[in-house]
Amino acid sequence: MNATPNRLMLALALVTVAAGNAAAQDSTASRPTAILVDGPRENERAPDFSLPGATRDGPIDQWYSLSALRGKVVVLAFYPKDFTSGCTAEMTTFTEQYAELFGEDVVLAGISADSAETHVRFAASLNAPFQLLSDMDQKVARAYGSADKNGYNRRTIYVIDRKGRVAYRNLRFGALDPKAYRELRTAVQAARRAK
């Protein structure tokens, strides 16, 4: 009687090993992957940077500098690529809900690896009331744990408080998820109230 459960356990183990070996030989087999994300955590100082960028009216004359915005609440929205469906949905929502999500006293900047020239066309197509920054070598995206290995940014959000510290971060911002925008609005409001 005891031999039967042991044989079943051995058979199950052999099937599991065989399946694992077959998957290892098939390069198209789906394997779980982990994405290690680093970047400033809440209450840590946000890494300073300067980047060129654009608005719907053209390239910005002076590079965007995070340290120059000390005293204001800043939202950094890292995103993969201009003119793609998810990024267009995200930036359209930011444009349409700008007053509700951010307000006049909050600075929003979208950041991708696209050129400033592409950003001008993208911002104009959306009539975006905020700047899009060009991080072509992904130096800033890497500092914020937002760069992926394929040369695109992951969709992440950082809210920086008036003192230059991270008040909120979302490392998997859902461009099509209304809950993500509600959480962002709440985080921005909290950062605006903080002294």
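This is a predicted model: local features need pLDDT of at least 70, side-chain atom pairs count only at pLDDT 80 or more; totals for chains, interfaces and linings use all residues.

User: How many nonpolar, polar and charged residues are in the lining of the largest pocket?
Analyst: The lining of the largest pocket has 10 nonpolar residues, 3 polar ones and no charged ones. Here Ala, Val, Leu, Ile, Met, Phe, Trp, Tyr, Cys and Pro count as nonpolar, Asp, Glu, Lys and Arg as charged, and the others, Gly among them, as polar. Residues are numbered from 1 along each chain as its sequence is written, and side-chain values use heavy atoms, with hydrogens and water left out.

User: Which residues lie nearest the centre of that pocket?
Analyst: Tyr64, Leu69, Val107, Leu108 and Gln131, out of 13 lining residues. Strands β4 (64–65) and β6 (106–112) each supply at least two residues of the lining. The volume of this pocket is about 170 Å³.

User: What counts as a pocket or a cavity here?
Analyst: On a 1 Å grid over the protein atoms alone, a cavity is a set of points where a 1.4 Å probe fits but cannot get out, while a pocket is an open set with protein on both sides within 12 Å along at least five of seven lines; lining residues have an atom within 4 Å of a point. Grid points are joined across faces, edges and corners, and a volume is the space filled by probe spheres set on the points.

User: And how many cavities of 30 Å³ or more are there?
Analyst: The count is 1. The largest cavity holds about 50 Å³ of space, and its lining divides into 5 nonpolar, 1 polar and 3 charged residues. Ile160 is one of the lining residues, which also include Ala46, Lys72 and Val74.

User: Let's stay with Ile160: buried or exposed?
Analyst: Buried, with a relative accessible area of 2%. The cut-offs are under 20% for buried, over 50% for exposed and partly exposed in between (1.4 Å probe, protein chains only). Ile160 lies in strand β8 (residues 156–160); helices (H or I, at least four residues) and strands (E, at least two) are DSSP runs, numbered from the N terminus.

User: What is Ile160 in contact with, leaving aside neighbours within four places?
Analyst: Ala46, Lys72, Val73, Val74, Leu76, Arg165, Val166 and Ala167, where contact means heavy atoms within 4.5 Å. Asn43 is 117 residues away from Ile160 in sequence, yet their C-alphas are 9.3 Å apart.

User: Switching to α4, which of its residues are buried?
Analyst: Ala116, Thr118, His119, Val120, Phe122, Ala123 and Leu126. Their cover includes β2 (53–55), β3 (58–59), α2, β6 and β7 (131–134). Thr118, with a relative accessible area of 16%, touches Asp82 and Phe83, not counting residues up to four places away in sequence. Just after α4, Asn127 takes a positive phi of about 55°.

User: Last one, what is the mean pLDDT of the chain?
Analyst: It's 86, and 81% of the residues reach 70 or more; pLDDT is the predictor's confidence in each residue, from 0 to 100. Over residues 1–36 the pLDDT is below 50, and that stretch has 3 contacts beyond near neighbours in sequence.

User: And how many helices and strands overall?
Analyst: The chain has 6 helices and 9 strands, and 44% of its 195 residues count as buried.
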